[in-house]
Amino acid sequence: MTPEEYAQAVRAIVGDHPDREELLEDLDDHLAEIASESDLPLEDRLGPPAVYAEELMAAYGGRSESRPKRRPWDWAFTAHAAFTRQGAYRSSVAFLRDLRPGWWVLRGYLLAMLLLSLSGQDRVVPGSPADCAVVVAAVWASSWPVRPRPTASTTSSPTPRTAPR
């Protein structure tokens, strides 16, 4: 979630708070500064927007009359924000992020093997070059939506290195 999206969610939750103007006065600058300090998403650093807005309103001594409805999964966001303060949990979450490419390959392989099994083959491993082509195509299709897109900095020509002196 970008700082702008996070700020918009906080504004929606603050609603008609009597101190709305004072609460939200420097919100955009504050969130942009927090986002620039670390690579962690704002939700990991500050918690969900609902929790952040509640803490902000509590600091000003009031609550919104139109209190937001709690969604069933809000407790998970709150717990995640609380656990993020623990070093072991942070490293576990980072490790799970590192496993994402493996998941993309696994789900493509499983999809290919499901398609091959529906065609009447009872194998767990592709048996022919055509089966291998189906697996490669499924893995490619599985990772297509999540593959990083090249940016201007990655597509430009590299800076020439100078020879050591």
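1. Basis of the note. This is a predicted model, in which local features need pLDDT of at least 70 and side-chain atom pairs count only at pLDDT 80 or more, while totals for chains, interfaces and linings use all residues. Residues are numbered from 1 along each chain as its sequence is written, and side-chain values use heavy atoms, with hydrogens and water left out.

2. Overall make-up. The chain holds 10 helices and zero strands; these are DSSP runs numbered from the N terminus, helices being H or I of at least four residues and strands E of at least two. Of its 165 residues, 25% count as buried.

3. The largest core. The largest nonpolar core has 17 residues, a core being a set of buried Ala, Val, Leu, Ile, Met, Phe, Trp, Tyr and Cys residues joined through side-chain atoms within 4.5 Å. At least two of its residues come from each of α1 (3-14), α2 (20-24), α3 (27-37), α4 (42-46) and α5 (49-59). Tyr52 is among the residues with the most contacts inside this core. Neighbours within four places in sequence aside, Tyr52 is in contact (heavy atoms within 4.5 Å) with Tyr6, Val10, Leu27, His30 and Leu46.

4. Another core, of six residues, lies apart from the largest one and includes Ala112, Leu116, Ala138 and Val139. The C-alpha atoms of Ala138 and Leu110 are 8.7 Å apart, although 28 residues separate the two along the chain; Leu110 belongs to helix α8.

5. Helix α9. Ser142 lies in helix α9 (residues 129-143) and is buried, because its relative accessibility is 11%. Beyond its neighbours within four places in sequence, Ser142 is in contact with Trp104, Arg107 and Gly108.

6. Surface of helix α8. Leu115 is found in helix α8 (residues 100-118) and is partly exposed, because its relative accessible area is 45%.

Note on methods
Buried < 20%, exposed > 50% of the residue type's maximum accessible area, 1.4 Å probe, protein only.
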